[in-house]
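This report concerns aromatic ring pairs and strand pairing. The sequence and structure are shown below.

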Amino acid sequence: MPLSSESQSTVEPAITYGDFRKVDVRVGTIVGVEPYPEARKPAFKLTIDFGPAIGRRRSSAQIVKHYKIDDLVGRQVAAVVNFPPKQIGKFMSEVLVLGFPDYQGEVVMIAPDKSVPNGGRMY
């Protein structure tokens, strides 16, 4: 099956390493999950623990195709923690959980393949 046109787009223009370092990608552990039935697209409300320096942050994530509430608590994920909060309906999303599209365009979350300390920054 072909990937979506967004997934097949050309590579973005080159950036500097300094530009890359401005995007603060951290690992955290999902500690709470709630359904978000009011969302325009099916989503969950996640509470993610990024360790003592950052604390707990919330995110709306359209991940219902591949993930069930009971399977998410305790799972580590990667997220951008330095975007400004974004209002998603009646919910304030504080971080952007990262993922890749599958062949149908559904989100598959990015996560370390071994347990790492919460709050660790991606290099």
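How many aromatic pairs does the rule give? The count comes to two aromatic pairs, where rings of Phe, Tyr and Trp (its six-membered ring) pair if their centres lie within 6.5 Å, with planes under 30 degrees apart called stacked, over 60 edge-to-face and the rest tilted.

| Aromatic pair | Centre to centre | Angle between planes | Class |
|---|---|---|---|
| Tyr17 and Phe20 | 5.9 Å | 40° | tilted |
| Tyr36 and Phe91 | 5.7 Å | 55° | tilted |

This is a predicted model, in which local features need pLDDT of at least 70 and side-chain atom pairs pLDDT 80 or more, while totals for chains, interfaces and linings use all residues. Residues are numbered from 1 along each chain as its sequence is written, and side-chain values use heavy atoms, leaving out hydrogens and water.

Tyr17 and Phe20 are three residues apart in helix H1 (residues 17–22), so about one helical turn separates them. Helices (H or I, at least four residues) and strands (E, at least two) are DSSP runs numbered from the N terminus. Tyr17 is exposed at 56% relative accessible area, whereas Phe20 is partly exposed at 29%; buried means under 20%, exposed over 50% and partly exposed in between (1.4 Å probe, protein chains only).

Tyr36 lies in the loop between strand S1 (25–35) and strand S2 (44–49) and Phe91 in strand S6 (residues 91–93), so this pair ties together parts 55 residues apart in sequence. Tyr36 is buried at 5% relative accessibility, and Phe91 is buried at 5%.

An open sheet of five strands has the order S3-S2-S1-S4-S7 with antiparallel pairing; two strands pair if DSSP finds at least two bridges between them. Six bridges join the antiparallel strands S1 and S2.
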